[in-house]
Amino acid sequence: MALDYLPILAENAAPKPPRKLYRAPRIGWRPLGRPLNEMRVSLVTSAAVRQTRQRAFTAGGDASHRRIAADSDIEVIVDHHSPVGRDVRRDAEVVFPRRALRELARKGVVGSVAPAHFSIYGGIADHDAITERLAPELTRRLAAMRVDLALMVPY
């Protein structure tokens, strides 16, 4: 059973009234094409995670993305200004589980880890920027790395 995350978030979000939800005109999901243990996997987080040397995300309408090397030893910063961010600031693995994904690959649960992952700033209100620029660009970049499965980790 799928968790309908956005209505729960909207209902419990501060400040009130609840956020207005946007429903995409078409669903982007599709069945897995082959077994998970044969797939190359990449992470996409909405926690505004970036490598320390990369340009910071700006709060609000930042519809850009950051490419982050898959090496779990690379230090990252969380720029998202969510009120639930204390744990994330102590350990970005909560919203950017690079070590966990590497362990799944080591155990053979997933075929391999892509050479890079991606991060965006969640809560972007400009839906046209997401559907017309951000999503197509991420799709191109994931396809160029021959990623079979992008695992979206919301924040």
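Helix 4 (residues 127-144) holds both Arg-140 and Glu-137, three residues apart, or about one turn of the helix; helices here are DSSP runs of H or I with at least four residues, strands are E runs of at least two, and both are numbered from the N terminus. The two side chains meet in a salt bridge (3.0 Å, N to O), defined as a side-chain nitrogen of Lys or Arg within 4 Å of a carboxyl oxygen of Asp or Glu. Arg-140 is exposed at 52% relative accessibility, whereas Glu-137 is partly exposed at 27% (buried is under 20% relative accessible area, exposed over 50%, partly exposed in between; 1.4 Å probe, protein chains only).

The model is predicted, with local features requiring pLDDT of at least 70 and side-chain atom pairs 80 or more, while totals for chains, interfaces and linings use all residues. Residues are numbered from 1 along each chain as its sequence is written, and side-chain values use heavy atoms, without hydrogens and water.

The structure holds nine salt bridges. Among them, Asp-91 pairs with Arg-99 at 3.4 Å between the closest N and O atoms, and Glu-103 pairs with Lys-107 at 3.9 Å. Arg-34, Glu-38 and Asp-148 are linked in a salt-bridge network.

Turning to strand 1 (residues 40-45), Ser-42 lies within it and is buried, at 0% relative accessibility. Its side chain makes a polar contact with that of His-117 (3.5 Å); such a contact is a pair of N or O atoms within 3.5 Å, where, within protein, one must be able to donate a hydrogen and the other to accept it, and residues adjacent in sequence count only if both atoms are side-chain atoms.
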